[in-house]
Amino acid sequence: MKRVLAIILGGGKGSRLYPLTKMRAKPAVPLAGKYRLIDIPISNCINSDINKMYVLTQFNSASLNRHIGQTYNLSAPFGQGFVEVLAAQQTPESPSWFEGTADAVRKYQWLFQEWDVDEYLILSGDQLYRMDYSLFVEHHRSQGADLTVAALPVDASQAEGFGLMRTDDNGNIKEFREKPTGDSLKAMAVDTSRFGLPKESAIQKPYLASMGIYVFSRDTLFDLLNKHPSHTDFGKEVIPEALNRGDKLKSYVFNDYWEDIGTIGAFFESNLALTQQPTPPFSFYDEKFPIYTRQRYLPPSKLVDAQITNSIVCEGSILKSCSIHHCVLGVRSRIESEVVLEDCLVMGSDFFESSDERIALRKGGGIPLGVGVGTTVKRAILDKNTRVGDNVKILNKERIEEADRADQGFYIRNGIVVVVKNATIPDGTII
């Protein structure tokens, strides 16, 4: 794997994850209380012995830079590698920002070509899954492929949202269509049992969806990018072009947990699914294939007469006489007495406030970090460093699906109330 370079695509504005992307790039969005989305592909690379990684982004990259700089020093203990963020930039030769996934790679190809590698592994920065990329790359090599696309078996209801590939019995891609519907969708069905799926699963999931994860042979990638400068997207343009000109395209079927964290709803459900017992769909408790993140050296959490069920509580948290059900509480979460949290994602805080600071804040009319006394929050996301006052009710009783209340510090997306980073919700507020 020393001759593989990983390129992680950080995505665009992340509008579907807004307001979580209001102040940060999509890969920097917190995940599972203590991680960030970018930790998933980077950890997969490290565990696959791939230690040369670039992360491409163009929006709000400051926190992403800081997280990667504080977390991943791949010169030790992982070997002589690196993780580096490449932000979009305007130059005389390239006056525009990134215009798509392929365009982002094209704009930095001068840098990627400097590395003496045989393959380029193209990854997404906003997906939750665990994959050994070395098996993916070895499959690409053993098949003598020019391009290999990671494929996820899906059912008809899921298929319409993906680029689909139709393959022959040997996994050769014969056709690629972006988000087909109707008869066009039915024509893309394949017998997925030949890729190892049990017969029942194969009947339920007859479509192969592109995961947006690719292995390109060196010459193939740059030849496609340079000969077709107007092609800006891998799924919509580059892959169909490779098929049209007769390149050898193979599929690599991945039949395991995979979630595209594309919307607030998907992000919320994926986080809360981690609390399922005894076997959550995705686990961070795999010693052989760990997910890495920043070391914070925080004290253990302190629980004072708290009732907690089916939840995750990260380190550095203080919970007092509260009721927590089906929640994920991030690092340094502060939950006061008589609080009820149900179906919530609380991202915690970037810093502690001492008891003296909290008392002084209250005396001055301010609100301390965390969730105040007597507050009830259900089906909500509280972003980093939020200050929710006493006797607040965040319930969305009117079942509003979409709303923008930026002046009040919150939004509603997919029926989920999202209190934005650093927001203050005054005492007694009802949402």
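**Salt-bridge network.** I began with the charged side chains and found K320, R334, E336, E353, R358 and R387 linked in a network of salt bridges. I count a salt bridge when a side-chain nitrogen of Lys or Arg is within 4 Å of a carboxyl oxygen of Asp or Glu. My search of the whole structure gave 28 salt bridges.

**Ground rules.** I am reading a predicted model, where local features need pLDDT of at least 70, side-chain atom pairs count only at pLDDT 80 or more, and totals for chains, interfaces and linings use all residues. Residues are numbered from 1 along each chain as its sequence is written, and side-chain values use heavy atoms, leaving out hydrogens and water.

**Two pairs.** I looked up K107 and found it in a salt bridge with D103, with the closest N and O atoms 2.5 Å apart. K107 is buried at a relative accessible area of 17%, and D103 is buried too, at 5%. (Buried means under 20% relative accessible area, exposed over 50%, partly exposed in between, with a 1.4 Å probe and protein chains only.) Next I checked R362, which forms a salt bridge with D390, N to O 3.0 Å. This pair links distant parts of the chain, 28 residues apart. R362 is partly exposed at 32%, as is D390 at 21%.

**The core.** Which residues have the most contacts inside the largest nonpolar core? I noted L121, F284 and I381, in a core of 67 residues. Such a core is a set of buried Ala, Val, Leu, Ile, Met, Phe, Trp, Tyr and Cys residues joined through side-chain atoms within 4.5 Å.

Terms used:
Helices (H or I, at least four residues) and strands (E, at least two) are DSSP runs, numbered from the N terminus.
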